[in-house]
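Thank you for sending this entry; here are my notes, written for someone who will read them with the coordinates open.

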Amino acid sequence: MKYFKHRMDRVAVHMALWSFVGGSGLLFAYLVLPNEFLLVLGMIYVGIALLVNAIMFVSTLLHALVHYRDLQQHLLALLLLLLNLPIAYLYFLIVVN
């Protein structure tokens, strides 16, 4: 995390990491003990994570426009936030199949 000079980028990367960990934990729990409660909890988690990560994405994007000198760092933080989308979709496919 020392690579990221701006606090906004560090927060975005931490958020992306913890969103991934939380989603992976819920998927693992559902695969071990499939029940309706975990399914509903997972859907609620995805909805909240999507909203919070979208807000962080827009905030980081605006921060990148203001602090454009460190554009590479900002783009990496934005990419890490976006990586959770295909992962969440993959997890969805695993659950429904």
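1. The model is a predicted one, and the protein chain contains 3 helices and 0 strands, so that the order of elements from the N terminus, by the DSSP runs, reads α-α-α. Its C-alpha atoms occupy a box of roughly 50 × 20 × 20 Å along the principal axes.

2. Of the 97 residues in the protein chain, 29% are classed as buried. When contacts between residues at least 6 apart in sequence are considered, 70% of them link residues at least 24 apart.

3. Helix 2 covers residues 36-66, and its 31 residues should span 45 Å at 1.5 Å a residue, which agrees with the 45 Å between its end C-alpha atoms.

4. The buried residues of helix 2 are Leu38, Gly42, Ala49, Asn53, Met56, Thr60, His63 and Ala64, and they pack against both helix 1 (7-32) and helix 3 (71-96).

5. Helix 2 packs on helix 3 at an angle of about 165°, the axes being 10 Å apart. Because angles over 145 degrees count as roughly antiparallel, helix 2 is roughly antiparallel to helix 3; the crossing between helix 2 and helix 3 is left-handed.

6. Where helix 2 meets helix 3, the residues contributed by helix 2 include Leu50, Met56, Phe57 and Leu61, while those from helix 3 include Leu71, His74, Leu78 and Val95.

Definitions and conventions
Residues numbered from 1 in each chain as written. Predicted model: local features only at pLDDT ≥ 70, side-chain atom pairs only at ≥ 80, totals over all residues. Heavy atoms only, no water. Helix = DSSP H or I, 4+ residues; strand = E, 2+ residues; numbered from the N terminus. Expected span 1.5 Å × (residues − 1). Buried < 20%, exposed > 50% of the residue type's maximum accessible area, 1.4 Å probe, protein only. Contact = heavy atoms within 4.5 Å. Axes fitted to C-alpha atoms, helices over the stretch in contact; angles between N-to-C directions. Parallel < 35°, antiparallel > 145°, perpendicular 65-115°, else oblique. Left-handed = near helix turned anticlockwise from the far one by under 90°.
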